Amino acid sequence: MENNMNISPEELEKMLEKAKADLQAKLDKMTPEERAQAELKAQKLIAEDKAAMQKLTEDAAKYAAAPCAKPTPKFCPNCGAKAGAGNFCEYCGSKLRKTDD
Ligand SMILES: [Zn+2]
């Protein structure tokens, strides 16, 4: 029996018709205000999704454009020694970058 595991097109059609009828019945029970509210809620959810996607895209673009977000100078501006990873020069102790950023 080939169709044992599958839903026949007729059955699928029936299921879709039933789902449509259920949805219509739900909508018919709603007041216009409730319908408008449901629509607003759906639109808000869609907008939030879009905003989240937009933010993810922007963040990804930011990281791609600037792999090093906080650049440190390569040499000490005071004594010219090679700068390490810290905020201060290992040799003269002067600030390598502004600490207020
Ligand atoms: Zn220095």
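Predicted model: local features only at pLDDT ≥ 70, side-chain atom pairs only at ≥ 80, totals over all residues.
**Notebook: salt bridges, then the zinc site**

Started at glutamate 48, which counts as partly exposed because its relative accessibility is 43%.

**Entry 1, glutamate 48 and its partner.** I asked which residue glutamate 48 forms a salt bridge with. It is lysine 44, and the closest N and O atoms are 3.5 Å apart. Both residues sit in helix α2, 4 residues apart, or about one turn of the helix. I then looked up lysine 44, and at 55% relative accessibility it goes down as exposed, since the cut-off for that is over 50%.

How many salt bridges does the count come to? I get 4.

Aspartate 22 is partly exposed at 41% relative accessibility, while lysine 18 is exposed at 53%.

Back in helix α2, I picked up lysine 55 and aspartate 59, also 4 residues apart and about one turn of the helix. Their side chains meet in a salt bridge at 3.1 Å, N to O. I have aspartate 59 at 25% relative accessibility, so it is partly exposed. Salt bridges with shared partners tie Lys55, Asp59 and Lys62 into one network.

I wanted to know which protein donors the zinc ion has. They are the SG atoms of Cys76, Cys79, Cys89 and Cys92, lying 2.3 Å from the ion. Along the sequence the donor residues follow the spacing C-x2-C-x9-C-x2-C. Why call the arrangement tetrahedral? Because the 4 donor atoms subtend angles of 107 to 116° around the ion, and the rule wants all angles between 85 and 135 degrees.

Cysteine 89 is buried, with a relative accessible area of 6%, whereas cysteine 92 is partly exposed at 36%.

Which residues make up the largest nonpolar core? I noted 5 in all: Cys76, Ala81, Ala83, Cys89 and Leu96. Two of these names, Cys76 and Cys89, I had already written down as zinc donors. Setting aside residues up to four places away in sequence, cysteine 76 touches Ala81, Ala83, Cys89, Cys92, Ser94 and Leu96.

That list took me to serine 94, placed in the segment after α2 (32-65). Is serine 94 buried or exposed? I call it buried, because its relative accessible area is 18% and the cut-off is under 20%. Beyond neighbours within four places in sequence, serine 94 contacts Cys76, Asn78, Asn87, Phe88 and Cys89.

The secondary structure comes to 2 helices and 0 strands. Of the 101 residues in the chain, 8% are buried. Looking at contacts with a separation of 6 or more, I find that 12% are between residues 24 or more positions apart. The chain exposes about 9400 Å², with carbon and sulfur atoms supplying 59% of that.

Terms used:
Residues numbered from 1 in each chain as written. Heavy atoms only, no water. Buried < 20%, exposed > 50% of the residue type's maximum accessible area, 1.4 Å probe, protein only. Contact = heavy atoms within 4.5 Å. Donors = N, O, S within 2.8 Å, 3.2 Å for Na, K, Ca; no water. Tetrahedral: all angles 85-135°; square planar, octahedral: opposite > 155°, others 65-115°. Core = buried A, V, L, I, M, F, W, Y, C linked by side-chain atoms within 4.5 Å. Areas by Shrake-Rupley, 256 points an atom, 1.4 Å probe, with all protein chains shown as cover.
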